[in-house]
Amino acid sequence: MKLENKVAIVTGAGRGLGRGIALKLATEGAKVVVADMAPADETVALIEKSGGIASAFTVNVSRQEEVQAMVKYAIDTYGTLDIMVNNAGINRDGMLHKMPVENWQLVIDVDLTGAFFGTQEAIKYMRQKGYGRVINISSGSWLGNIGQANYAAAKAGVVGLTKTAARENARKGITCNAICPGFIETDMTLKLKEVNDGAAWESMMQRIPMGYAGKAADVGNMVAFLASDEASYITSEVINVGGGMIV
Ligand code: NAD
């Protein structure tokens, strides 16, 4: 197992990509704090069923004091923190010329400021420890995507945040990398199946060179690799997991 004796936090792990990431890290031996705003007990139960160790923690990542409490919880419960995965995210899509400022601000607060709080709080501890892995979930949309000005701006911000954190902490035993998933089957994307009787979903499949949506496990596998010692010389990278969709 790649991650034996490691302790990880995964935000937004109550379902979707975060759940897939948490399951994979636990399978590789990490003890996982499954952090989410919504109940995360189902993810914890799945991990425990497969013989892993995990506990749920309720957090709104856009609130700094809650993120601080989450990091403290991991250290108090499992004795340390090695791996921080900032995955929690939302979208509020709409054309820029019609986008209410509330939808702009909400996505920035959760997707960008949430990643900032998580990265900052983890790094404060990891700098003292002289070891750490920060993995931030951005998106292929950071390159620009119609209807996603708020989301693209937040996810581009995550790339800048990650690359800066990587450079500032490279001599402290800490690596920081971003993953850009393409189109992965989760509650966030399954909504598309209801648009135009499934035609919108089919059209999305046409845009993916591999012809099908990815699974949470595809992203989980990359997170586990970046969190492992095999990736110790990899930092400041932006890695696509998109079946060829992101160019
Ligand atoms: P999802 O909506 O299925 O799950 C998101 C999870 O985050 C939920 O459990 C939700 O309760 C939690 N969450 C939302 N706001 C939160 C907050 N303020 N504090 C704590 N938890 C919060 O979404 P997903 O598809 O699993 O996406 C996970 C991440 O991957 C997001 O950052 C998303 O932007 C990114 N992403 C997803 C895709 C995709 O195709 N699904 C593609 C690119 C990037």
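Tutor: In this predicted model, a polar atom in the side chain of Thr 162 sits 2.6 Å from the backbone oxygen of Val 158. Thr 162 belongs to helix α5, which runs over residues 149-169. The side chain of Thr 162 also makes a polar contact with the side chain of Asn 136, at 3.0 Å. Setting aside residues up to four places away in sequence, Thr 162 touches Asn 136, Cys 176, Asn 177 and Ala 178. Is Thr 162 buried or exposed? Its relative accessible area is 1%, so Thr 162 counts as buried, because the limit for that word is under 20%.

Along with α1 (16-27) and α6 (187-190), α5 supplies at least two residues of the shell around the ligand. The most comes from α6, which gives three residues. There are 28 residues around the ligand, and those that come nearest are Asp 36, Asn 87, Tyr 151, Ile 184 and Thr 186. Sorted by class, the shell has 14 nonpolar, ten polar and four charged residues.

An N or O atom in the side chain of Tyr 151 is 2.5 Å from an oxygen atom of the ligand. Another oxygen distance involves Arg 15, where a polar side-chain atom lies 2.7 Å from an oxygen atom of the ligand. For Asn 60, the ligand atom is a nitrogen, and an N or O atom in the Asn 60 side chain is 2.9 Å from it. How much of the ligand does the protein bury? Taken alone, the ligand exposes 830 Å², and the protein buries 95% of that.

Thr 80 is found in the loop between α3 (64-78) and β4 (83-86). The side chain of Thr 80 makes a polar contact with the side chain of Lys 129 at 2.6 Å, and one with the side chain of Tyr 125 at 3.0 Å. Leaving aside neighbours within four places in sequence, the contacts of Thr 80 are Val 7, Ala 74, Ile 75, Tyr 125 and Lys 129. With a relative accessible area of 13%, Thr 80 is buried.

Helix α4 covers residues 101-129, and Ala 122 is found in it. Ala 122 touches Val 71, Leu 81 and Met 84, not counting residues up to four places away in sequence. The relative accessible area of Ala 122 is 0%, so this residue is buried. Between Ala 122 and Glu 42 there are 80 residues along the chain, and their C-alpha atoms are separated by 25 Å.

Strand β4 holds Val 85. Val 85 has 0% relative accessibility and counts as buried. Beyond residues up to four places away in sequence, Val 85 touches Ile 9, Val 10, Thr 11, Ile 21, Leu 25, Ile 135, Ile 137 and Val 223. Val 85 and Lys 31 are 54 residues apart in sequence, while C-alpha to C-alpha they are 13 Å apart in space.

Most residues other than glycine have a negative phi. Asp 197 has a positive phi, near 55°, and Ser 236 has a positive phi near 70°. Asp 197 is found in the loop between α6 and α7 (199-207), whereas Ser 236 lies in the loop between α8 (216-227) and β7 (238-241). Asp 197 is exposed, with a relative accessible area of 81%. Ser 236, by contrast, has a relative accessible area of 11% and is buried.

Last comes the record. UniProt, in an unreviewed entry, places the feature "domain: Ketoreductase" at residues 6-182. The span 6-182 is 49% helix and 20% strand, and its end C-alpha atoms lie 28 Å apart.

How values were computed:
Residues are numbered from 1 along each chain as its sequence is written. Side-chain values use heavy atoms; hydrogens and water are left out. A residue is near a molecule or strand if one of its heavy atoms lies within 4 Å of it. A polar contact is a pair of N or O atoms within 3.5 Å; within protein, one must be able to donate a hydrogen and the other to accept it, and residues adjacent in sequence count only if both atoms are side-chain atoms. Accessible areas come from the Shrake-Rupley method with a 1.4 Å probe; for residues, only the protein chains shown count as cover. Helices (H or I, at least four residues) and strands (E, at least two) are DSSP runs, numbered from the N terminus. Ala, Val, Leu, Ile, Met, Phe, Trp, Tyr, Cys and Pro count as nonpolar, Asp, Glu, Lys and Arg as charged, and the others, Gly among them, as polar. UniProt positions are given in the numbering used here, feature names are shortened, and annotations may be inferred rather than shown by experiment. Buried means under 20% relative accessible area, exposed over 50%, partly exposed in between (1.4 Å probe, protein chains only). Contact means heavy atoms within 4.5 Å.
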